[in-house]
Amino acid sequence: MKQFSDMSAVLAARHRDGLLRQRVELQSAQSVTPIIDGKPLLSFCSNDYLGLAGDDRIAQAMSQAVERYGVGAGASHLIDGHHHEHERLEQELAEFCGREAALVFSTGYMANIGVIQALLTRHDTVIQDRLNHASLIDGGRLSGAKFSRYAHNDSDNLAQQLDRASGKKLVVTDGVFSMDGDKAPLDDLASVCRSHDAWLMVDDAHGFGVLGTEGAGLVSEFGLTTEDVPVVIGTLGKAFGTSGAFVAGDQLTIDYLLQYARSYIYTTASPPAVAAATRASLAIVRNSNDRRAHLTALIQKLRAGIQALGLTLMPSETPIQPILIGESHHAMQLSQALKARGILVTAIRPPTVPEGTARLRVTLSAQHSEAQVDTLLNTLESLL
Ligand code: PMP
């Protein structure tokens, strides 16, 4: 065991630098007022953007499906774990995204590593936005393809890198960036990809359910077709309130991924009841314009209030509203002071974000009230 003896020193250093990651333990359903350590906190950190994680209708659909189909899938999709609830969900998601077909994965992390790895070989090239989510970066590395990153949201820099690329070319971007909240310029990226004969893959984890007509996401907000964006990823554990993810595209691409995406093939299928719950959620998401309008109003209110306090916001129009603090310890102190006053806001620190850009990452949910946003603003003011 001697060779692993550096672990305690590494952890001590992380602690000293204010970088030790810690969990809180929920004792209630996910909501804007979860019970933590026996008392309700006002939370601004979940990705439950539409407030559906604790929705009774979805919970009921899930428990009915558990009654009918039991708790586990019992096998991987290609053995006999593929349930008709998975099949129906795939069809409904494909239709929702305006794509021919979709494939449901157990998590977004698995979808991203599986899809990128399946599409590329070491003779190919993957080019990713510098701020992409870790799962996309990991997928790129696992694929063995030549791997480079372009400057954040910079389509000119992407074009320069594509000029030098060889083999099949896959360009990968988050739709909404998970730590900054800004949107990728999908129209520019799609046009650069078209002129370089490259494929564009968009991970719309944070846009899906929130942006676009009926919540069909950022790709839909830009009105981009399969030609522009051949590979769309959506996750189901955020605005949809359940769990899992999917890739949508043309039938040929999905047929191919079914054969080659290792993280789809070599894992137990998610419980059929999760698929049933997600189908119920999809119907609600499509009908949730009122929730999306309320969310937009909350975003505007929060931004105006934070700016009035003289704090630095990032250029985000989405429910992800990071307040730039800079130094890790300072971000941690603010997060802890808020928690002591009953408010949960996560401090995001390096290595998750670049050095010197530690932030308080406020995420809003349609479940928040205007009064709760006021509480956050007033409490922040009292700490400055
Ligand atoms: N992509 C992005 C952009 C994400 O933010 C996340 C999760 N935070 C994922 C993928 C992974 O999705 P999942 O949580 O379903 O694994």
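**Figure 1. Contacts of Thr-242 in the predicted model.** Leaving aside neighbours within four places in sequence, Thr-242 is in contact with Ile-58, Leu-236, Gly-237, Val-274, Ala-277, Thr-278 and Ser-281. The model shown here, as in every figure, is predicted. Thr-242 is placed in the loop between strand S9 (231–235) and strand S10 (245–249). Is Thr-242 buried or exposed? With 26 other C-beta atoms within 10 Å, Thr-242 is buried, because a residue counts as buried when 20 or more such atoms lie within that distance. Asp-129 stands 113 residues from Thr-242 along the chain, and the C-alpha atoms of the two are separated by 27 Å.

**Figure 2. Strand S9 and the strands paired with it.** Strand S8 (residues 199–203) is joined to S9 by 3 bridges, and here the two strands run parallel. Met-201 stands opposite Val-231 in S9. From S9, Val-231, Ile-233 and Thr-235 point one way, while Val-232 and Gly-234 point the other way. Residues on both sides are buried. Since 5 of the 5 residues of S9 are buried, the strand is largely enclosed by the rest of the structure.

Figure 3. Helix H5 covers residues 108–119. How many of the 12 residues of H5 are buried? The count is 11 of the 12, so H5 is largely enclosed by the rest of the structure. Among the buried residues are Gly-108, Met-110, Ile-113, Val-115, Ile-116 and Leu-119; Asn-112 and Gln-117 are buried as well. At 1.5 Å a residue, a helix of 12 residues should span 16 Å, and the end C-alpha atoms of H5 are 17 Å apart, which agrees.

Figure 4. The 4 strands form an open sheet in the order S11-S12-S15-S14, with antiparallel pairing. Strand S11 (312–313) and strand S14 (346–348) are the edge strands, each pairing on one side only. Which strands does helix H13 (residues 289–308) lie across? H13 lies across S11, strand S12 (320–326) and S15, and runs at about 20° to S12. Helix H14 (residues 328–340) lies across S12, S14 and S15, running at about 35° to S15.

**Figure 5. The chain in which the close-up regions lie.** The chain holds 15 helices and 15 strands. Its radius of gyration is 21 Å, close to the 21 Å that the globule rule gives for 384 residues, so the chain is as compact as a globular protein of that length. Taken along the principal axes, the C-alpha atoms fill a box of roughly 55 × 55 × 55 Å. Buried residues make up 50% of the 384 residues. Among contacts between residues at least 6 apart in sequence, 71% join residues at least 24 apart.

How values were computed
Residues numbered from 1 in each chain as written. Predicted model: local features only at pLDDT ≥ 70, side-chain atom pairs only at ≥ 80, totals over all residues. Expected span 1.5 Å × (residues − 1). Contact = placed C-beta atoms within 7 Å. Rg over C-alpha atoms; globule rule 2.2 N^0.38 Å. Pairing = 2+ DSSP bridges. Axes fitted to C-alpha atoms, helices over the stretch in contact; angles between N-to-C directions.
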